[in-house]
Amino acid sequence: MKKLLLLHGPNLNLLGERETPIYGARTLAEIDQAAASQSDAAGVKLTSLQSNSESDLINVIHQAKKDDVSMIVFNPAAFTHTSVALRDALLAAELPFIEVHLSNPASREPFRHHSFFSDIAIGVVSGFGARSYQLAVQAAIGWLDSDSTSE
Ligand code: DQA
């Protein structure tokens, strides 16, 4: 069974109460639950994790490589715009990943326009609220499926 890791960066533990006009009313638990059901139905094992700590996220990415995770769906949150260290962790782990955002950072403040991840991601989904995750998990499942048929 292929393993998919759903990784959430800082402040996303506050979804459902944090800046709801931008990030929506769905909680992180609801988003994780929907992603787990979606993955279960496709025969993919999903693990979800949120951390406010850059160092924890780096360690989780290193561990994902050791645990034979096939792909990561990652919302780096504010680290999107700041973290060379997380970018390097993904490059070191050589794990394919999809970058996901609830909002569309390109339509927001200029400091959100640059991502340290987009150019090394398989793809980016942003701007659809909680549905961004649903679309990203669907894309990941499809990518894993085509990956296994080309083996
Ligand atoms: C975010 C966008 C980031 O700019 C912001 O710092 C977040 C959330 C999103 O999902 O829209 O925390 O990644």
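Tutor: What follows describes the ligand site.

This is a predicted model, in which local features need pLDDT of at least 70, side-chain atom pairs count only at pLDDT 80 or more, and totals for chains, interfaces and linings use all residues. Residues are numbered from 1 along each chain as its sequence is written, and side-chain values use heavy atoms, with hydrogens and water left out.

The ligand sits in the largest pocket. A pocket here is an open set of points on a 1 Å grid over the protein atoms alone, where a 1.4 Å probe fits, with protein on both sides within 12 Å along at least five of seven lines; a molecule sits in it if more than half of its atoms lie within 2 Å of its grid points.

Residues around the ligand (a heavy atom within 4 Å) include Arg18, Asn75, His81 and Ser103. Polar contacts are pairs of N or O atoms within 3.5 Å. An N or O atom in the side chain of His101 is 2.8 Å from an oxygen atom of the ligand, and a polar side-chain atom of Arg112 lies 2.9 Å from a ligand oxygen atom. From Ala78, a backbone N or O atom lies 3.2 Å from an oxygen atom of the ligand.

Terms used
Polar contact = N/O pair within 3.5 Å; in protein donor to acceptor, adjacent residues only side chain to side chain. 1 Å grid on protein atoms, 1.4 Å probe; cavity = no way out; pocket = protein on both sides within 12 Å on 5 of 7 lines; lining within 4 Å.
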